[in-house]
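Subject: Structure handover

Hello,

Here is the structure I promised to pass on. Please open it and keep it beside this note as you read.

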Amino acid sequence: MNVKEKDAKYIADTYARFPVVIKSGKGSLLYGEDGKEYIDLGTGIAVNTFGAADSEWINAVTAQLGKLQHSSNLYYIEPDTLLAEMLCERTGMKKVFFSNSGAEANECAIKAARKYAAEKKGAEYNTIITLKNSFHGRTITTLAATGQDEFHNDFLPLTAGFDYAEANNTEDLKEKVAANKTAAIMFECVQGEGGVLPLEPDFVKAIAEIAEREDILMIADEVQTGNGRTGELYAYMNYGITPDIVTTAKGLGGGLPIGATMLGEKVKDVFTPGTHGSTFGGNPVCCAGAVNILSRITDEVLEGVKERSRFIKSELENAPGVKSVTGMGLMLGVETEKNASEIINECMNNGVLVIKAKNKIRLLPALNIPMEQLAKAIAVFKKACGGE
Ligand SMILES: Cc1ncc(COP(=O)(O)O)c(C=O)c1O
């Protein structure tokens with residue numbers, strides 16, 4: 001059996017894969033098992049921050065791997081403290097809980113918010129308001145947080161205590177907050193899986209005002225938007241707000257699984273020994289990789305993200321076959337006249353990998369994709385959309 005046949009036989013059928021077997025990569029180039037070269041504009045869904053098989057990252061990871069791969073959270077280790085210090089210094093958050101994925105980072109945020117509200121106002125203050133069209137993960141609780149029925153069907157009953165406000169509708173948010181005993185408001189600054197839709201600045205400001213006035217926690221889900229992707233280290237920084245809790249994962253580890261829940265001043269001491277935990281959380285190898293990634297997301301790199309973003313937008317806005325371009329930095333959604341799947345296939349045939357978000361094409365290239373490769377890939381993409 002070949003790889004596709006074995007996958008069909010032995011892997012649970014949860015993914016509709018593209019018909020390519022990826023064998024290796026270097027930077028923003030990936031190679032199929034048949035040797036075909038692709039320019040990668042997907043980075044494993046915003047994970048490979050500096051591309052594939054990045055040498056600096058490999059050195060950091062393998063150096064740690066040669067020392068110790070795991071120790072459990074029964075003992076102190078250095079890599080998680082270095083990463084937590086770096087995250088706190090760059091965000092102003094106070095403490096960090098490490099886990100292994102975005103869903104787990106959000107689970108931790110929800111637990112922190114409920115514990116804080118229970119202690120401050122009473123256990124009945126347990127509702128988390130999230131936004132319609134949001135995506136927060138696949139566990140039963142983060143599915144409940146996800147404001148899209150299509151993900152809920154088949155898995156009911158979900159965790160109770162969630163209500164959904166319409167994105168960019170302040171009145172609806174106020175109503176939902178008033179109708180519930182609310183612990184927190186949770187949101188993505190740019191709804192990624194929902195179609196790469198940035199929240200409007202006035203709406204984000206309103207979230208901050210309501211949260212402040214009512215002593216409700218503000219949770220920014222930066223799983224996809226985080227770690228330089230939008231041109232700032234975290235997307236909330238584009239909006240001038242200070243969340244109480246920031247969650248991230250995906251690009252933080254540069255390709256190794258890690259989730260981080262950053263706790264601000266109000267909630268920094270909400271957890272006590274035994275109230276939360278994770279066997280692999282803070283794994284030294286993943287943390288060493290993340291320290292390397294984070295230390296390299298410099299102002300210069302962020303400027304490069306903005307520059308590449310401007311280039312893509314200027315190429316695609318008003319291009320034939322392109323209806324709209326949404327998003328921030330190197331997290332862009334392109335609505336096209338042709339069906340998105342058709343364009344994805346045409347790009348793939350012509351050596352460019354792009355992915356989907358709802359009915360749009362989603363572009364999530366490496367933060368350091370060489371301009372020449374980006375220009376080549378965008379030319380292929382434009383042609384697939386209907387241009388020359
Ligand atoms: C905004 C957001 N939150 C949470 C998640 C879940 O992350 P994970 O798949 O690592 O559990 C995702 C994944 O796409 C996401 O985009």
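This is a predicted model: local features need pLDDT of at least 70, side-chain atom pairs count only at pLDDT 80 or more; totals for chains, interfaces and linings use all residues.

Below is what was found in it, part by part.

Residues are numbered from 1 along each chain as its sequence is written. Helices (H or I, at least four residues) and strands (E, at least two) are DSSP runs, numbered from the N terminus.

**Helix 13**

Next, look at helix 13 (residues 371-385). Its 15 residues reach 21 Å from the first C-alpha to the last. That is close to the expected 21 Å, where the expected span is 1.5 Å times one less than the number of residues. Leu374, Ala377, Ile378, Phe381, Ala384 and Cys385 are buried in this helix. Buried means that 20 or more other C-beta atoms lie within 10 Å of the residue's own; exposed means 12 or fewer, and partly exposed is in between, with C-beta atoms placed from the backbone. Seen down the axis of helix 13, the buried residues fall within an arc of 115°, so they line one face. The arc is that of the directions from the helix axis to the C-beta atoms. An α-helix has 3.6 residues a turn, so residues three or four places apart point the same way. The cover over the buried residues of helix 13 includes helix 11 (299-316), strand 13 (322-328) and helix 12 (340-349). Contact means that two C-beta atoms, placed from the backbone, lie within 7 Å. Just after helix 13, Gly386 has a positive phi of about 130°.

**Strands**

Two strands pair if DSSP finds at least two bridges between them. Strand 16 and strand 17 run antiparallel, joined by three bridges. Ile355 stands opposite Arg362 in strand 17. The two strands form a hairpin with two residues between them. Lys358 in the turn has a positive phi of about 55°. With 16 C-beta neighbours inside 10 Å, Lys358 counts as partly exposed.

Strand 17 also pairs with strand 14, antiparallel, over three bridges. Gly333 has Arg362 as its bridge partner there. Both faces of strand 17 are covered. Lys360 and Arg362 are buried on one side, Ile361 and Leu363 on the other.

Gly27 in the turn has a positive phi of about 65°.

**Loops**

Asp215 is not a glycine, yet has a positive phi of about 50°. Gly251 counts as buried, with 30 C-beta neighbours inside 10 Å.

Best wishes
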